[in-house]
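Entries follow in the order I checked them.

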Amino acid sequence: MVLQLLLTLDADRKPLRSGKRKLQQSLGASVSVRGAERAVSRLVAQGLITTKVYPNTYTEYTVNVESLEELL
């Protein structure tokens, strides 16, 4: 769900700047903040997305298109 949301928001073309709660709110009530954090950490571990954290403000999410194409 998180990867699909990032692709929908064009994070494969330009970095998406968003906070944890804002990302979770975009996913809806079906995913908790902790669940969104776990999903993001798993996607980073798989190399499908990269993140850059700016403390106390936001996080930039970028989809790694090459890794995604290899997976598919």
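**Sheet**

I looked up β1 and β3 first: they run antiparallel and are joined by three bridges. Two strands pair if DSSP finds at least two bridges between them. I take helices (H or I, at least four residues) and strands (E, at least two) as DSSP runs, numbered from the N terminus. The model is predicted, so I note that local features need pLDDT of at least 70, side-chain atom pairs count only at pLDDT 80 or more, and totals for chains, interfaces and linings use all residues. Residues are numbered from 1 along each chain as its sequence is written, and side-chain values use heavy atoms, with hydrogens and water left out.

In this pair, S18 stands opposite T59 in β3. Next I checked β2 with β3: six bridges, antiparallel. K52 faces E60 in β3 as its opposite residue. Y54 has Y58 in β3 as its bridge partner. β2 and β3 make a hairpin with three residues between them. In that turn, N56 has a positive phi of about 65°.

Axes are lines fitted to C-alpha atoms, for helices over the stretch in contact; angles run from 0 to 180 degrees between N-to-C directions.

**Helix pair**

How do α2 and α3 pack, and at what angle? I find about 100°, with the axes 9 Å apart. That makes α2 roughly perpendicular to α3 (65 to 115 degrees counts as roughly perpendicular). For contact (heavy atoms within 4.5 Å), K20, R21, L23, Q24 and L27 in α2 meet V33, A36, E37 and V40 in α3. By class, I log five nonpolar, one polar and three charged residues in this contact.

**Pocket**

Which residues line the largest pocket? I list K20, L23, V33, A36, E37, V40, V44, T51, V53, T59 and Y61. A pocket here is an open set of points on a 1 Å grid over the protein atoms alone, where a 1.4 Å probe fits, with protein on both sides within 12 Å along at least five of seven lines; lining residues have an atom within 4 Å of a point. α2 (20-27), α3 (33-46), β2 (49-54) and β3 (58-63) each give two or more residues to the lining. α3 gives the most, with five residues.

Conventions. Angles under 35 degrees count as roughly parallel, over 145 as roughly antiparallel, 65 to 115 as roughly perpendicular and the rest as oblique. Ala, Val, Leu, Ile, Met, Phe, Trp, Tyr, Cys and Pro count as nonpolar, Asp, Glu, Lys and Arg as charged, and the others, Gly among them, as polar.
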